Amino acid sequence: MVKITEASFITSAADISQALAEDMSEVAVLGRSNVGKSSFINALTNRKNLAKSSATPGKTRLINFFETVFDCNGEKYRARLVDLPGFGYAKVSKSQKATWQKSLNDFITRRTAIRLFILLRDARHPHMPIDEDVYAYLQQIKRPDQEIVVIFTKGDKLNQKGKAALQKVAPGSLVVSNLKKSGIDKATAVIFEKLFCKKCPNV
Ligand SMILES: Nc1nc2c(ncn2[C@@H]2O[C@H](COP(=O)(O)OP(=O)(O)O)[C@@H](O)[C@H]2O)c(=O)[nH]1
Ligand SMILES: [Mg+2]
């Protein structure tokens, strides 16, 4: 079984020019503002406040880098998780929004260290056009050595009807609850497999 056993915040960057050297594989965590990007990083790393989570949308304007160690049955693998600015938050000025969107876009299109894009979506709203657009865009820009994984957050807020509806639109999709920590082991295993091109056996 694979777990993230070490995690630390390294630095924040306003744009790609300030980003770290590309000396390690990276997981880019993307999604609408408030979907649970920071909470997902905290759940994966089993740390309460590693990534700053907040109920106020649009708080994270910076690109935040976290260095982690994946432990697969005692073997250690390093990678960075990158908490990206959320998209789709309206309550800021147009010029401010344009600046963030440009720094986000530069990062995802030019950062070759990215091995995996994780697109987080709200399990309660599986039909949001902006999420469809971002997914299509990622497919268009991704390099041959990059992959995209969609993960639905806030699974704890789904009732039976919601669960059935989600399985209908997105059969077999990964659903997590950052709050209840459900689906996190599975998500960790998928991230490990995509990053390091091998499965971590359950021993
Ligand atoms: N119920 C529930 N709430 C969540 C979950 N993930 C995040 N939240 C809440 O959603 C809000 C936004 O989370 P945050 O991680 O800051 O979102 P971000 O803007 O995408 O980084 C916070 O109030 C979190 O506590 C989840 O899986 N379940
Ligand atoms: Mg955040």
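**Reading a predicted model**

Author: Start with a salt bridge: Lys76 and Asp71 are joined by one through their side chains, at 3.1 Å from N to O. Keep in mind throughout that this is a predicted model.

Reader: How many salt bridges does the structure hold?

Author: The structure holds 15 salt bridges. One of them pairs Asp185 with Lys3, with the closest N and O atoms 3.2 Å apart.

Reader: How exposed are Asp185 and Lys3?

Author: Asp185 is partly exposed, with a relative accessible area of 40%. Lys3 also counts as partly exposed, at 41% relative accessibility.

Reader: What about Arg124 and Asp122?

Author: Arg124 and Asp122 form a salt bridge too, and their closest N and O atoms are 2.8 Å apart. Arg124 is partly exposed, at 32% relative accessible area, whereas Asp122 is buried, at 6%. Elsewhere, salt bridges with shared partners join Glu22, Asp23, Glu26, Arg80 and Arg111 into one network.

Reader: Let us turn to disulfides. What is a disulfide?

Author: A disulfide is a covalent bond between the sulfur atoms of two cysteines. This structure holds 1 disulfide. Its partners are Cys72 and Cys200, with their sulfur atoms 2.3 Å apart. The pair links distant parts of the chain: Cys72 is in strand E3 (residues 63-72) and Cys200 is in the segment after helix H5 (184-196), 128 residues apart.

Reader: Why is the disulfide of Cys72 and Cys200 called right-handed?

Author: Look at the torsion about the S-S bond of Cys72 and Cys200. That torsion is about 100°, so the disulfide is right-handed.

Reader: Are Cys72 and Cys200 buried or exposed?

Author: Cys72 is buried, with a relative accessible area of 7%. Cys200 counts as buried as well, at 14%. Cys197, by contrast, is in no disulfide, and the nearest cysteine sulfur, that of Cys72, is 14 Å away. Cys197 is exposed, with a relative accessible area of 70%.

Reader: What is phi in Asn34, and where does Asn34 lie?

Author: Phi of Asn34 is near 80°, a positive value in a residue other than glycine. Asn34 lies in the loop between strand E2 (26-31) and H1. At 36% relative accessibility, Asn34 counts as partly exposed.

Reader: How do H1 and H5 sit relative to each other?

Author: To read a helix pair, look at the approach of the axes and then at the crossing angle. The axes of helix H1 (residues 37-45) and H5 come within 10 Å and cross at roughly 90°. That makes H1 roughly perpendicular to H5.

Reader: Which residues of H1 and H5 meet, and how do they divide into nonpolar, polar and charged?

Author: On the H1 side they are Phe40, Ala43 and Leu44, which meet Ile184, Ala187, Thr188 and Ile191 in H5. The residues of this contact divide into 6 nonpolar, 1 polar and no charged.

Reader: One last case. Where does Lys154 lie, and which residues does Lys154 touch?

Author: Lys154 lies in the loop between strand E6 (147-153) and helix H4 (160-169). Leaving aside residues up to four places away in sequence, Lys154 touches Asn34, Val35, Asp122, Ala123, Arg124 and Val176. Asn34 is the residue with the positive phi near 80°, and Asp122 and Arg124 are the partners in a salt bridge.

Reader: How far is Lys154 from Ile114?

Author: Their C-alpha atoms are separated by 25 Å, and the two residues are 40 residues apart along the chain.

Methods:
Residues numbered from 1 in each chain as written. Chains lettered and ligands numbered in written order. Heavy atoms only, no water. Disulfide = S-S within 2.5 Å. Helix = DSSP H or I, 4+ residues; strand = E, 2+ residues; numbered from the N terminus. Buried < 20%, exposed > 50% of the residue type's maximum accessible area, 1.4 Å probe, protein only. Axes fitted to C-alpha atoms, helices over the stretch in contact; angles between N-to-C directions. Parallel < 35°, antiparallel > 145°, perpendicular 65-115°, else oblique. Contact = heavy atoms within 4.5 Å. Nonpolar A, V, L, I, M, F, W, Y, C, P; charged D, E, K, R; others polar. Salt bridge = Lys/Arg side-chain N within 4 Å of Asp/Glu carboxyl O.
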